[in-house]
Every structure is written in structure tokens, then in C-alpha cells.
Amino acid sequence: MTLQQLRYAICISNRKSMNKAAAELFITQPSLSSTIRDLEEEIGMKLFLRSNRGIVITPEGEEFLGYARQMLEQYRQLEERFVKREKFKKKFSVSMQHYTFAVQAFIHMAKEFGMDDYEFAVHETKTYEVIENVRNQKSELGILYLNDFNQKALEKILYDKELEFVDLFQCGIYVFLWKGNPLAEKELIEFDDLKIYPCLSFEQGNNNSFYLAEEVFSTYEYKQIIKADDRATLLNLMVGLNGYTLCSGIICEDLNGNEYRAIPLNTHDKMRIGYIKKKKMPLSILGEKYITELKKYEKQVL
């Protein structure tokens, strides 16, 4: 296996066409096809399925290409640092469900390390995309939760994608709402209290299984429910419609201000907040620091 073969495979996956990839690489299409066949024979798996409509990446190919991209990126850094002796930026990326505390932890980490020597990326996105981003190594870490309802389903997905879930802390279930909501002054909220208010939920797109929902009790028959794509819209709906969502109870006033409240829901259910990573892959220095920042929020849920 050579770096050239890896570059060729990645180019094909990007272009979704053998002919277009060959043109970009300035080689003939038969030569490119022969190189990829040799690579597939060596590793014992098909990376691409070829048809008249173009190229389709196999599931095994997706996994292989994730490692290939990482290897080429590491080679690029080695070359820049020790051959070209250029200054390069180390990269760190994290994907997460819509957790303000996970964003705030990211901010603290970025401030400590500084952005002159590092290139950071944060993806606040749908649950399945969090998993996929870690699987294909677009992100080193993914932040999400498990509970009694979704645990078996998510652990099966993670196992199939060679990922592992690591616990950070456990917390109760809270109702997150605007301070002007009539329920905002209660010390404990019952399910019956919520019936006349719209439940706000994050849209999960095509992968909208109950097990992938960001909110607990996803199978509960809510009288009113509104789905949103981003946190800013969801917060606006809380103010405009007295909506609410169910969450970990961790409030970050530095980012969201003091306009919102998190009030315990009367339930014995718990959430396990944690991170996902590639199995057997050690965390980077930045990854370790980010996890350290996340663990600080355990104090808020004890």
C-alpha cells in the first residue's frame, strides 16, 4: 500500500467519478482503475462499486477512506514540519448534540491553547451526523447522551461503526424554558404541567428514529410539538410561544444569558452524558483537555 494509492482513492471518493478523478490526477483512466484494483486486492475488500452512473463508495470503503485521510493528513504535517520546515497548525474537531455546555467547554479549551497554532472546528448537529463524523474521523470526539430507552440501540450502532461511548457524568431530567413562562417559578414540574405548552425538539432529518432523538421521552404523546433545526430558533420559540425542551439542566449564562431556567422534572429517569471516539485510538492532547473541561460540569448536576 502506498501514499499514492491512498491519494488516488480519496480523489475518486471526492469526485464520485473515475474519469473526473483521472483528469484531476493527470493520469489515464485505465491506469487509475488498475491502481485501485491493485489496492483492493491487497486489502481484500472493494472500496468502490462501479456503474454507468459513476462511483458508489462501499461501507468498507467509507471506513478505509476515513483512515486514509487521517494518514495523509499526518504525512502532510510531517512533511511540512520536518521536510519543508514550515509552521503548520494542529487540528482538532468535535461534533455534538445541541449542548451549550459542550460549546462552552470548547471555548475554554480553544482559549487556553490559542488559535495561532491550532485549527479548530465544532459541529453542533444531528445525532446520526455526530456518530458519522467520528466514524469517518471528521471529528475526533462526539458528545451525546444515553439513557435506559436508547442505550441498546445506540450501543449497537456504535459497535457496528467501531466506536465506543465513554461516560462523563449522570444527570436528572430538567425542563428548560424561558423565565417568562408561567412554570418558571416552580421548584418541580410534573408532566401534567407541560400539557398546555409546546414541546420543542431538534429535527433529526432522514434519521429520525426515536432512539436518535436528542430529547428524552421521545415516544411520549405530546399534545403540542414543534421541531427546529438550530438552538437559536429553539430559544426564540421558547420566548415567543412559551415552549420548553427537556435537557440535562446545565445552564451556561455566559452564552445564553440569564433569560432561561432549568427546573427538575418529576421523574426517576436519568441521562448519561458522554463522548464517543474510535475504538483503540488514543486521544490527542487537545482531546484530553476538552474532556477535562467537560468533566467540570459534573459539579452542576450533583
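This report walks through the overall build, some salt bridges and a surface patch of a predicted model.

## Ground rules

Because this is a prediction, local features need pLDDT of at least 70 and side-chain atom pairs count only at pLDDT 80 or more, while totals for chains, interfaces and linings use all residues. Residues are numbered from 1 along each chain as its sequence is written, and side-chain values use heavy atoms, leaving out hydrogens and water.

## The whole chain

You'll find 10 helices and 12 strands here; these are DSSP runs numbered from the N terminus (helices: H or I, at least four residues; strands: E, at least two). Of the 302 residues, 46% are buried (buried is under 20% relative accessible area, exposed over 50%, partly exposed in between; 1.4 Å probe, protein chains only).

## Salt bridges

Side chains of opposite charge can pair when their charged atoms come close. The whole structure has 16 salt bridges (a side-chain nitrogen of Lys or Arg within 4 Å of a carboxyl oxygen of Asp or Glu).

One of them pairs Glu 73 with Lys 91, with the closest N and O atoms 4.0 Å apart. Glu 73 sits in helix α4 (residues 59–83) and Lys 91 in strand β3 (residues 90–96), so this pair ties together parts 18 residues apart in sequence.

Another bridge joins Lys 296 and Glu 293 at 3.2 Å, N to O. Lys 296 is partly exposed at 46%, but Glu 293 is buried at 5%. Bridges with shared partners link Glu 112, Lys 289, Glu 293 and Lys 296 into one network.

## Around Tyr 211

Tyr 211 is in the loop between β8 (199–202) and β9 (225–228). Its relative accessibility is 37%, so Tyr 211 counts as partly exposed.
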